[in-house]
Amino acid sequence: GIADAQMTDTGLGGDVDKDLPNIFTYTSVFGKNGKDIIRSVSFPTLDDATPCYSTLGSFAFADCSKLTTIVFSQNTAVINPFAFYNCTSLNAIECPKSLTTIQAGAFYNNINLRTVVFNSKLRTIGDAAFMLGKNLNTTDLDESIYSDKLAILLFPLALIKIGKLAFANRSKLQSISWDEFD
């Protein structure tokens, strides 16, 4: 099976918007069976001469339960709603310098997320973007498996909006601060 997926403009799931050439939107790329085997995703970065800002489509990698690693394109500007919803093995996210918007529910219910590295250009974090879904029947889950790991948040000074419930149910969160960084 496929354990690693490399996204390219001609490869897995890269849809070119015909009205906006050189702008790629990655939409839901895996069937129900494919989501259980993806462990790593690496997106292309186009050269500086090519004006391209990738957008990760809604539900693009939703329910990829084995996904642990994402290497974003340095052209990624927007992560759409629920793009990485319920990726329960994902433990770290490093936002590319081009990222300006993380939309609603983008990383909803990522129960093993320990580290999120934001960037200086990030302006918006949408509603429930990093929320843990407590609407699940937690009595059926082993408490050691279903536990919050995110403890520290460091936001850029340029951040202008954090949506409702963006970090709801993150009970281990100990520190939130703002700083100027690259």
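View 1. Isoleucine 176 is partly exposed, its relative accessible area being 46%, where buried means under 20%, exposed means over 50% and partly exposed lies in between, computed with a 1.4 Å probe on protein chains only. The residue sits in strand E14, which covers residues 175-179; strands (E, at least two residues) and helices (H or I, at least four residues) are DSSP runs, numbered from the N terminus. Together with Leu157, Ile162 and Trp178, Ile176 makes a nonpolar surface patch of about 400 Å². Such patches are made of residues with over 30% relative accessible area and no salt bridge, with nonpolar side chains (Val, Leu, Ile, Met, Phe, Trp, Tyr) joined within 5 Å and like charges within 9 Å; a salt bridge is a side-chain nitrogen of Lys or Arg within 4 Å of a carboxyl oxygen of Asp or Glu. Accessible areas come from the Shrake-Rupley method with a 1.4 Å probe, and for residues only the protein chains shown count as cover.

This is a predicted model, in which local features need pLDDT of at least 70 and side-chain atom pairs count only at pLDDT 80 or more, while totals for chains, interfaces and linings use all residues. Residues are numbered from 1 along each chain as its sequence is written, and side-chain values use heavy atoms, with hydrogens and water left out.

**View 2. Phenylalanine 107 within the largest nonpolar core.** The largest nonpolar core holds 34 residues, of which Phe84, Ile102, Phe107, Phe118, Ile125 and Phe130 touch the most other members; a nonpolar core is a set of buried Ala, Val, Leu, Ile, Met, Phe, Trp, Tyr and Cys residues joined through side-chain atoms within 4.5 Å. When neighbours within four places in sequence are left aside, the contacts of phenylalanine 107 include Ile70, Phe72, Ile79, Phe84 and Ile102, as well as Ala129, Phe130 and Met131, contact meaning heavy atoms within 4.5 Å.

**View 3. Phenylalanine 59 and aspartate 63 in the loop between E5 and E6.** Phenylalanine 59 belongs to the loop between strand E5 (55-56) and strand E6 (69-71), and aspartate 63 lies in the loop between E5 and E6 as well. Although not a glycine, phenylalanine 59 has a positive phi of about 60°; aspartate 63, likewise not a glycine, has a positive phi of about 65°. Phenylalanine 59 is partly exposed, with a relative accessible area of 40%, and aspartate 63 is partly exposed at 35%.
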